[in-house]
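Please open the model in your viewer and keep the selection tool at hand. The tour moves from one selection to the next and says at each stop what is there.

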Amino acid sequence: MHELGIMTGVMDSARTAAEGAGAQRLLGVTLSVGEMTEAIEDALQFAFEALCEGDPFFEGATLTVNMIAPKSRCLECGCEFAHDRFHMFCPACDSFATQLIAGRELQIDSIEVDLPDDEEQR
Amino acid sequence: MAKHIDMKQPILDKNDAIASELRARFAEAGVFVLDLLASPGSGKTSTILATIDALRDEFNIAVIEGDIASSVDAEKIKAQGTAAVQINTGGACHLESAMIRRAVDVLDLDRLDLIIIENVGNLVCPTDFDLGENAKVMILSVPEGHDKPLKYPGVFQVSDAVILNKADTMPVFDFDEEEFVSSVKQLNPRVPIFKISATKGDGVDAWTAWLADRIRAAQL
Ligand SMILES: Nc1nc2c(ncn2[C@@H]2O[C@H](COP(=O)(O)OP(=O)(O)OP(=O)(O)O)[C@@H](O)[C@H]2O)c(=O)[nH]1
Ligand SMILES: [Mg+2]
Ligand SMILES: [Zn+2]
């Protein structure tokens, strides 16, 4: 599985953004992960905890993963429909010509950081 | 003081950026790039050898071999007289675009028409990684069983074609072809399925004809 590699990239980006904002510590990360990708929520959590451990900048931070359910658009009749990982055809007209419009996301939505108090007063 | 920072940043943005750069270089040079995905031992190298045999008169071909450790597959390709670059992932379960860029740097792109990438044997991890390829094609071999689309839907969903290899072994394994085709079509309704025997040559014509059409289109 490649969740550790994915999470290493997430932590690098989160650190860069947090430090850029002048933060002393990362408090949380929120991701959007499509159910059609191969990333598994539990494995992401596990990798996140492993990477946070022993790093004062990340210590105690929490990970929120928003799993995005698959959705497709029918190229024949234009209808948009939700579906599972296994069935992609259009429920309205039975067409097989469909296009996935959600479910392959792998995105960092946002982070929560702790800013030093003197920053607050300015 | 806690502060919320919006990022909306793709997690694989570094991989995707290099993949886009590669895709532009491939298009510029008129090279078609094929990323082959499959389980270990399903016949990736055998299929590559059969494909080269069928297409070598018309096209200049090179192979990029992704392997966790050895270089035996690259040696087999070179023995057939085709350029092969070995990438050892050092334990990583998939290829990433940065690895492909390093391999491509030693190839003469302007001379080439087709690059075949043998990805690491794995039906899960490679599916999320764009390598700048024109097509991802997955190979399933008959002994693996007809239920694989239900266990590994992702790879069947991202593939532009599916090769069913080791068709000659169908009488030995109770492979339900109808069931297989129907579950593939539910995952990826328009995907072509090529039934071949890489080592015996059966069915290879239809597969290489499909591929040749795409290579020619990439040259225009
Ligand atoms: N009967 C039969 N055997 C095949 C066929 N294609 C490949 N094989 C055999 O399957 C074994 C594995 O083939 P390879 O081509 O090395 O498979 P691979 O996917 O490249 O294997 P790795 O790179 O080690 O993951 C070899 O012993 C091949 O001879 C086929 O069409 N029919
Ligand atoms: Mg091989
Ligand atoms: Zn429809």
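Predicted model: local features only at pLDDT ≥ 70, side-chain atom pairs only at ≥ 80, totals over all residues.

Residues are numbered from 1 along each chain as its sequence is written, chains are lettered from A and ligands numbered from 1 in the order in which they are written, and side-chain values use heavy atoms, with hydrogens and water left out.

**First stop: ligand 1**

Select ligand 1 together with the 17 residues around it, of which Lys44(B), Thr45(B), Ser46(B), Asp73(B) and Asp168(B) come nearest; a residue belongs to this shell if one of its heavy atoms lies within 4 Å of the ligand. The shell divides into two nonpolar, ten polar and five charged residues, where Asp, Glu, Lys and Arg count as charged, Ala, Val, Leu, Ile, Met, Phe, Trp, Tyr, Cys and Pro as nonpolar, and the others, Gly among them, as polar. Its largest share, three residues, comes from helix H2 (residues 44–55) of chain B, a helix being a DSSP run (H or I) of at least four residues, numbered from the N terminus.

Now show Lys166(B), which has a polar side-chain atom 3.1 Å from an oxygen atom of ligand 1, and then Thr199(B), where a polar side-chain atom lies 3.2 Å from a nitrogen atom of the ligand. The protein covers 69% of the 650 Å² of accessible area that ligand 1 has on its own, as computed by the Shrake-Rupley method with a 1.4 Å probe.

**Second stop: the magnesium ion**

Which residues donate to the magnesium ion (ligand 2)? Select Thr45(B) (OG1), Asp73(B) (OD) and Glu118(B) (OE), which lie 2.1 to 2.2 Å from the ion; donors are N, O and S atoms within 2.8 Å of the metal (3.2 Å for Na, K and Ca), and because water is not among the atoms, sites may look incomplete. Thr45(B) lies in helix H2 and Asp73(B) in helix H3 (residues 72–79) of chain B, so the pair ties together parts that are 28 residues apart in sequence. Thr45(B) is buried at 8% relative accessibility, and Asp73(B) is buried at 12%, buried meaning under 20% relative accessible area (1.4 Å probe, protein chains only).

Finally, move to chain A and select Ser32(A) in strand E1 (residues 25–34), a strand being a DSSP run (E) of at least two residues. Ser32(A) is buried at 10% relative accessibility, and its side chain makes a polar contact with the side chain of Asp109(A) at 2.8 Å; such a contact is a pair of N or O atoms within 3.5 Å, and within protein one must be able to donate a hydrogen and the other to accept it, while residues adjacent in sequence count only if both atoms are side-chain atoms.

Conventions:
Buried < 20%, exposed > 50% of the residue type's maximum accessible area, 1.4 Å probe, protein only.
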